[in-house]
Amino acid sequence: MSRRVRRRVLTRGKEKLDYSEIDESLSLDDRGVLDWTRLPDDTAIQLFSCLNYRDRASLSSTCRTWRTLGKSPCLWQALDLRFHKCDPASASLLVSRCENLHKLRFRGPDSVDAIINLQAKNLREISGDSCRKMTDATLSVLAARHESLECLMIGPDFCERISSDALKAVAICCPKLRKLRLSGMHEVDADAINALAKHCPKLTDIGFIDCRKVDETALGNVASVRFLSVAGTTHMKWHLVSQHWSKLRDLVALDVSRTDITPTIISRFFSSSISLKVLCALNCPLLDTDPTYLSNKNHKGKVLLAFSTDILKGVSALFADTPMTSKTNCFLDWRNTKVKDGRTDEVLNWLEWIISNSLLRVSESNPPGLDSFWLNQGTSLLLTFMQSPQEEVQERAATALATFVVIDDENACIDTGRAEAVMRDGGIRLLLDIARSWRDGLQSEAAKAIANLSVNANVAKAVADEGGINVLVNLVSSVNRMVAEEAAGGLWNLSVGDDHKGTIAEAGAVKALVDIIYKWSRSGGGDGVLERAAGALANLAADDGCSREVASAGGVQALVMLARTYKVEGVQEQAARALANLAAHGDSNTNNAAVGQEAGALEALLQLTRSTHDGVRQEAAGALWNLSFDDRNREAIAAAGGVEALVSLAQSCSGSSHGLQERAAGALWGLSVSETNSIAIGQEGGVAPLIALARSDAEDVHETAAGALWNLAFNPGNALRIVEEGGVPDLVHLCSSSVSKMARFMSALALAYMFDGRLDEIAVVGTSTESGSKSVNLDGFRRMAMKHIEAFLLTFSDPQAFAAAAASSAPAALTQITEAARIQEAGHLRCSGAEIGRFVLMLRNPSPILKGCAAFALLQFTVPGGRHAVLHVRLLQNTGAQRVLRAAAAAAGAPIQAKIFARIVLRNLEQHPPETLV
């Protein structure tokens, strides 16, 4: 669309603003400031034209001059209300500006009342989407109030509540109608179509798309029609189509895509229709399965467009006599042609709209067998349509790009080949250019495509290299909910992994994401924005440096606020995940303590563990697990009811995902570091569900369950509960069969705790008439446990290496054994003074197996480089453990493994200067 301002034409359709007319005398003052009031009117109007209607109104309120300019009729010829609140009150404020309004786009039937209140009697084009609930009455009133209407498009959502009665009302009220496209009507009967033929003599473009039934015979009566689409329409009587539609003398183009049309019907139509030039039959199964017909070039001079044909070549054939630059892409060539032809423009614009619409529909259903088409043609077509002068075509092409790459939306899985085809063909730069547009619709769809494509690591790199991160950060602050939502989704996907976290943070994304959490949590309706913003912050918080920035930007407070007050499960899940990642850096920053000390944080997370949504419970449990590494948080969690909540979670998650089971057991493991909490967990009934989780076939689950049972077994009462609940065979199984060294290690330690003698005392104290049988059972379990502890230790014992170490005092021999015996993950375990003392006492146990197990455990806890090795060495030094270790290393008759392991621990102690705990 073009407009005239002071005899200078400004073209807005292609988003190219001509700034060459700016007054050359306009310059900065001495302070380097431009006086905006001195701008020429043309330039000011250009600025206004780059804003949506809300911002235009705001800018108009700054001064009297701009108020006058802001009402210029050329700025209000087109209005897009889809992304803004549209009610009668807001519409009344626009009445004075809409006298010359020609084109209007809206979203949802609720906006119709506002459209009527605009009093735009000269309105020529109305386009509405998300109108599934639109009724006959609504559409009839809309038509009755706009008699000058030339174009009416409702879709692509199915309009099942609109009947032929409303269509008759449109025909009677809008005699100037030229274009009519409706989607998803249940039935379009003969009376309605005949009314269109009678009352709308200028109607040249008809689309009854995705309708269930259309009267074929009546359509043959609309003599004025030149462009006709019945794409996706079912129950078509094709024999009537070939009989009656061939009589349409002006019919130039026909779209039967996504229907059950047959090659025979197409041949008949080609033979009988004189005026027809092109027939679109994309994704027609009965046609695509007949390669013989598709390869036949004898189509009576007509062009057939199908997925199995070269579409761009076919369209070029329509204009063989038209001068174009390359004829490889007629759409791009025609846009660059200086000499335009109205008829050719009509055909190309119709083809762009029709093909882009069908590609979008096909991408949504994603039928199998189209990989070759998407890679060889589909991607190129969509990128071509993204450069269309038609905004709707651009939007649909971007939406299709966002959709056709998705394989599994639930698990964020995309087709690598399709995504990289978009990248290879220059699609990333095109999408970013569109995302920089001032049009909300284009920004939203482009950001959505960028977000989906960025799931692929190579595409994500291309987005970052092309400056896409800065584009998304700018869009995330948009007042438009859909734009902000899709931009935040793009940052969420780009922040997966470590490649782009730093760049995202440097671009100011952290503060922007925190700000929009506060903004959209107050305004309401921003669930998608909040979920994606929290998800992006969760990914960023996994990096130590970014997690500091999240905390300093107020992210802890914002995320706790979401966890406490928001009831949408997706938002809760991502907020809890973000808090979990913030709390995961306890050794390197203070975020763990900060999250725990934030008012209401622990209570909110504990409440989320009772959610009915597994994802929410999983992330909340993960956050509590991480928080429990801080001593104060651990006790605060218990004081807030954490033992009861987490035991209940463990009891209820036996049939849930492995991720939830792992975190439920992990949270109990973290709490049970405190002996007080450990006793409380046992009394609350936590032993039985942990044993059940220890039976899991998932390595991560039985590893965390074994860790929790190890902590619980330190207390003799809990040890007895483990025996009574049948946990010994399960620990034995883990000790001998788990693929996880950590699970085997912690199971062996739990068994060693249980049978180092303390359990015998409590079993005797609690005697009854059953004490004899319990004693027998304990003996049996003890023998079973000792056998498998010994077998576990032997898996780390090379007889030749141990013999060489026993015969030599050279450090190299001990180093070789240390490297072979070391369990890397065990270096992350932190033991209390009581636990270290228990292992030292175990070195004096008469059982050689327990001596070896204690020495092996102390080796793991004191290996230089371990996270808590220094602490453990100090604890051992403080208890005078060197003397006990020397005795164990020199004990006559002790297993060689116990002796060598004790020598290694002594060497580890010697590598640290003697110190006492402060």
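This is a predicted model: local features need pLDDT of at least 70, side-chain atom pairs count only at pLDDT 80 or more; totals for chains, interfaces and linings use all residues.

Biologist: What percentage of the residues count as buried?
Modeller: The cut-off for buried is under 20% relative accessible area. The chain has 918 residues. The part of them that counts as buried is 57%.

Biologist: What does the C-alpha trace span along its principal axes, and how many helices and strands are there?
Modeller: The secondary structure comes to 51 helices and 14 strands. Along the principal axes, the C-alpha trace of the chain spans about 110 × 75 × 55 Å.

Biologist: What share of the contacts with a separation of 6 or more comes from residues 24 or more positions apart?
Modeller: Contact here means heavy atoms within 4.5 Å. Among contacts with a separation of 6 or more, residues 24 or more positions apart account for 70%.

Biologist: How far apart do the centres of the positive and negative side chains lie?
Modeller: The chain has 97 positive side chains and 103 negative ones. The centres of these two sets lie apart by 4 Å.

Biologist: What span should helix α16 have, and how far apart are its end C-alpha atoms?
Modeller: Helix α16 covers residues 342-365, which is 24 residues. At 1.5 Å a residue, α16 should span 34 Å. That agrees with the distance between its end C-alpha atoms, 35 Å.

Biologist: How many residues of helix α21 are buried?
Modeller: Helix α21 runs over residues 440-453. Its 14 residues should span 20 Å at 1.5 Å a residue, and the end C-alpha atoms are 20 Å apart, which agrees. The helix is largely enclosed by the rest of the structure, because its buried residues number 13 of the 14.

Biologist: What covers the buried residues of α49?
Modeller: Helix α49 spans residues 869-878. Its buried residues are Ala869, His872, Val873, Leu875, Leu876 and Gln877. Just after α49, glycine 880 takes a positive phi of about 65 degrees. The cover of the buried residues includes α47, α48, α50 and α51.

Biologist: Which residues other than glycine have a positive phi near 55 degrees?
Modeller: Most residues other than glycine have a negative phi. Another sits in the loop between β5 and α6 and is partly exposed at 34%. They are glutamine 119 and serine 130.

Biologist: Which peptide bond is cis, with omega near 10 degrees?
Modeller: Most peptide bonds are trans. Proline 156 lies in the loop between β6 and α7. The cis bond runs from glycine 155 to proline 156.

Biologist: How many disulfides does the structure hold?
Modeller: The structure holds zero disulfides. Cysteine 159, which is buried at 1% relative accessibility, has its nearest cysteine sulfur 6.0 Å away, in cysteine 131. Cysteine 174 is buried at 0%, and its sulfur is 5.9 Å from that of cysteine 173, too far for a bond. A disulfide needs sulfur atoms within 2.5 Å, and the count is zero.

Biologist: Is leucine 720 buried or exposed, and how far in space is it from methionine 754?
Modeller: Leucine 720 lies in helix α40. Its relative accessible area is 16%, so leucine 720 is buried. Methionine 754 is 34 residues from leucine 720 in sequence, and the C-alpha to C-alpha distance is 7.8 Å.

Biologist: Which residues does aspartate 527 contact, leaving aside its neighbours within four places in sequence?
Modeller: Aspartate 527 is in helix α27 and is partly exposed, with a relative accessible area of 31%. Valine 568 is 41 residues from aspartate 527 in sequence, yet 7.2 Å away in space, C-alpha to C-alpha. With those neighbours left aside, the contacts of aspartate 527 are Tyr566, Val568 and Val571.

Technical notes: Residues are numbered from 1 along each chain as its sequence is written. Side-chain values use heavy atoms; hydrogens and water are left out. Helices (H or I, at least four residues) and strands (E, at least two) are DSSP runs, numbered from the N terminus. Buried means under 20% relative accessible area, exposed over 50%, partly exposed in between (1.4 Å probe, protein chains only). The expected span of a helix is 1.5 Å times one less than its number of residues. Lys and Arg count as positive and Asp and Glu as negative; His and the chain ends are not counted. The place of a charge is taken as NZ of Lys, CZ of Arg, CG of Asp or CD of Glu.
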